[in-house]
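Biologist: Please show me the model, and I will ask about it piece by piece.

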Amino acid sequence: MSKFLIGIDIGTTNVKSVLFHEDGTKISEHSVEYPIYLIKSGWVEQDPREWWEATVKTLIQVLRDSKVGKKDIVGICVSSQAPTLIPIDSDGNVLRNGLIWMDRRSQPETNFLETRIGSPKVKSITGNRIDPYYLSSKLLWYKNHEPELYKKTYKILQINGYINYMLTGTITTDISHASLMGVFDVRQNRWSEELADLIGYDVDLFPQVYDNAHVIGTVSEKAAGLTGLSTTTAVVCGTVDGAAATLEAGAVDIGDAVEMTGTSTVLNICTDKWRDPGLLFEMYHGLKDVLMICGANSTTGASLKWFKENLYLEDADELSGKVDPYELLNQQASSAKVGANKLIFLPYLAGERSPIWDSYARGAFFGLHLNTKKEEMVRAILEGAAYGLRHNIDEAKKIGVTIKELRSVGGGSKSDIWLKIKASVLNMPIVVPDISTGAPFGGAIIAGTGVGIYKDPGKFAKEVIKIKKIVEPDAEWNKVYNELYEVYISLYQNTKRDFYQLADIREGEQV
């Protein structure tokens with residue numbers, strides 16, 4: 001009898017559930033979008049209940065479309081964007097909207113922790129720096145600004161942990177999420193009592209940590225009633241979306257790397273040991289005992305979406321839904337000259353993570369003139385994102401991490417022009433797998449590992465993933481990009497002080 005697995009990924013813009021046969025064949029998939037709440041500049045939230053509602057809808061549709069018997073679905077793995085602050089009370093009720101990875105309101109707390117403890121000390125314990133991206137700063141903001149809710153808090157969950165709780169009633173955190181939370185001792189594999197004393201939080205706020213493929217329970221009767229799943233289906237602890245996407249791409253050996261572009265761009269490079277990541281960060285892979293050096297640009301895909309929704313005039317066909325506006329954007333970018341007529345875009349629309357780690361950085365077009373055309377602005381956005389990726393790769397080289405092969409997954413991998421731009425900016429081939437669900441297939445492999453289907457999941461991933469195409473760099477394009485990249489790098493350095501000044505002027509305003 002065939003066995004089936006479900007990978008669920010809770011992204012920044014939507015949830016996607018995908019059903020796979022145990023041999024890796026995709027059977028059915030469905031996605032549902034939900035809103036991002038931009039409270040004010042740097043404050044970014046989402047409602048956990050909307051994640052769950054969307055998850056239920058996708059599972060119902062996936063089961064309907066597949067015609068697979070629910071008892072033949074043996075395992076589920078949930079991956080998600082990370083890290084996120086989700087407080088629940090002792091009854092499992094969500095106390096407030098989640099502060100997602102993009103939220104940078106805790107910069108003052110970050111400054112306080114930097115002065116009190118310092119990133120070198122925190123790096124020695126967690127492997128990563130102090131930054132609003134991590135939970136140490138977010139948790140301190142929560143304690144300082146919402147003390148009554150903090151007192152009611154029983155546990156702090158991650159997104160997949162919340163979905164797992166809704167599926168099974170079990171409260172957990174997986175090791176990949178734990179390694180990104182900024183409060184976990186990655187060398188001792190436990191929550192840091194030392195940081196707890198220094199920062200002033202209680203380690204009991206955090207759930208038990210398990211390996212990604214650990215089975216935490218089966219689908220509860222309540223969840224089964226809502227989704228149509230069987231109560232015999234096992235749920236594993238899960239992982240971070242980037243880790244699942246890395247496994248999905250078949251990147252499991254030292255030097256294998258993946259760039260995943262959706263709302264953001266995440267670069268994951270497989271490695272074998274914890275080290276000082278410099279201006280990058282570290283986390284666990286979806287496979288046990290594999291680590292990753294990571295870089296992340298926060299608003300690459302989001303910048304393209306922003307342009308589409310605010311500056312892009314749709315024609316009649318687009319308004320009637322006959323044409324994919326992103327395909328039109330790709331066509332326009334393709335029609336523009338390499339280098340976008342010397343127009344450079346800084347893709348910092350919500351501050352930036354690595355390698356500049358600056359909450360106050362903002363997006364900018366540099367080089368606008370009276371002859372600038374819409375298609376050049378579109379191309380500049382794609383090129384700016386590619387420069388950001390190169391910036392992270394350059395930092396990886398500085399700490400001795402090399403890339404043997406770079407693979408591309410996620411929504412951005414569907415754009416031929418964007419792939420060509422990235423390959424040419426980096427001056428390296430980009431390998432595109434034929435399966436690109438974003439993260440759910442990596443999750444399915446983790447689920448299959450947990451229920452005993454895959455004895456060597458890394459080997460299975462490498463064997464089952466077929467290569468769709470290899471995008472080679474263009475040598476002439478690379479010459480242009482090398483010159484413009486130097487300007488891109490200097491632009492931020494020359495405007496950094498101005499971004500800080502701008503933040504002071506706008507402080508406290510609703511936007």
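Modeller: This is a predicted model. In the packing of two helices, α11 and α14, the crossing is right-handed.

Biologist: Which residues of α11 and α14 make the contact?

Modeller: On the side of α14, the contact is made by Lys 374, Met 377, Val 378, Ile 381, Leu 382 and Ala 385. On the side of α11, it is made by Thr 300, Ser 303, Leu 304 and Phe 307.

Biologist: Are α11 and α14 roughly parallel or roughly antiparallel to each other?

Modeller: Helix α11 covers residues 300-310, and its axis lies 9 Å from that of α14. The two pack at an angle of about 165 degrees. Angles over 145 degrees count as roughly antiparallel. The pair α11 and α14 is therefore roughly antiparallel.

Biologist: Which residue in β20 stands opposite Met 283?

Modeller: Strand β20 (residues 291-297) pairs with β19 in the antiparallel sense, over four bridges. The hairpin of these two strands has six residues between them, and Asp 289 takes a positive phi near 75 degrees. Opposite Met 283 stands Met 292.

Biologist: Are the residues of β19 that point either way buried or exposed?

Modeller: Phe 281 and Met 283 point one way from β19, while Glu 282 and Tyr 284 point the other way. Buried requires under 20% relative accessible area. Phe 281, Glu 282, Met 283 and Tyr 284 are all buried.

Biologist: Which residues does Ile 403 touch, not counting those up to four places away in sequence?

Modeller: Ile 403 sits in the loop between α14 (374-398) and β23. Its relative accessible area is 21%, so Ile 403 is partly exposed. From Ile 403 to Cys 270 the C-alpha distance is 8.7 Å, although 133 residues separate them in sequence. The residues touched by Ile 403 are Gly 255, Ala 257, Ile 269 and Ile 393.

Biologist: How many salt bridges does the structure hold?

Modeller: Side chains of opposite charge can pair when their charged atoms come close. One network of salt bridges links Glu 45, Arg 96, Asp 103, Arg 105 and Glu 146. The number of salt bridges in the structure is 20.

Biologist: How many residues apart are Arg 96 and Glu 45?

Modeller: The side chains of Arg 96 and Glu 45 meet in a salt bridge, 3.3 Å from N to O. Both Arg 96 and Glu 45 are buried. Arg 96 lies in the loop between β7 (86-88) and β8 (98-99), and Glu 45 in strand β5 (residues 43-46). This pair links distant parts of the chain, with the two residues 51 residues apart.

Biologist: Does Glu 148 count as buried or exposed?

Modeller: Glu 148 forms a salt bridge with Lys 151, at 3.6 Å from N to O. Both lie in helix α5 (residues 147-152), three residues apart, or about one turn of the helix. Lys 151 counts as exposed because its relative accessibility is 64%. At 52% relative accessibility, Glu 148 also counts as exposed.

Biologist: Which helix holds Asp 416, which meets Lys 469 in a salt bridge?

Modeller: The salt bridge of Lys 469 and Asp 416 spans 2.3 Å from N to O. Lys 469 counts as partly exposed because its relative accessibility is 25%.

Biologist: How many residues of α4 are buried?

Modeller: Helix α4 (residues 135-145) is mostly covered. Among its buried residues are Lys 138, Trp 141 and Tyr 142. Of the 11 residues in α4, the number buried is eight.

Note on methods
Residues are numbered from 1 along each chain as its sequence is written. This is a predicted model: local features need pLDDT of at least 70, side-chain atom pairs count only at pLDDT 80 or more; totals for chains, interfaces and linings use all residues. Side-chain values use heavy atoms; hydrogens and water are left out. Two strands pair if DSSP finds at least two bridges between them. Buried means under 20% relative accessible area, exposed over 50%, partly exposed in between (1.4 Å probe, protein chains only). A salt bridge is a side-chain nitrogen of Lys or Arg within 4 Å of a carboxyl oxygen of Asp or Glu. Contact means heavy atoms within 4.5 Å. Axes are lines fitted to C-alpha atoms, for helices over the stretch in contact, and angles run from 0 to 180 degrees between N-to-C directions. Angles under 35 degrees count as roughly parallel, over 145 as roughly antiparallel, 65 to 115 as roughly perpendicular and the rest as oblique. A crossing is left-handed if the near helix is turned anticlockwise from the far one by less than a right angle, and right-handed if clockwise.
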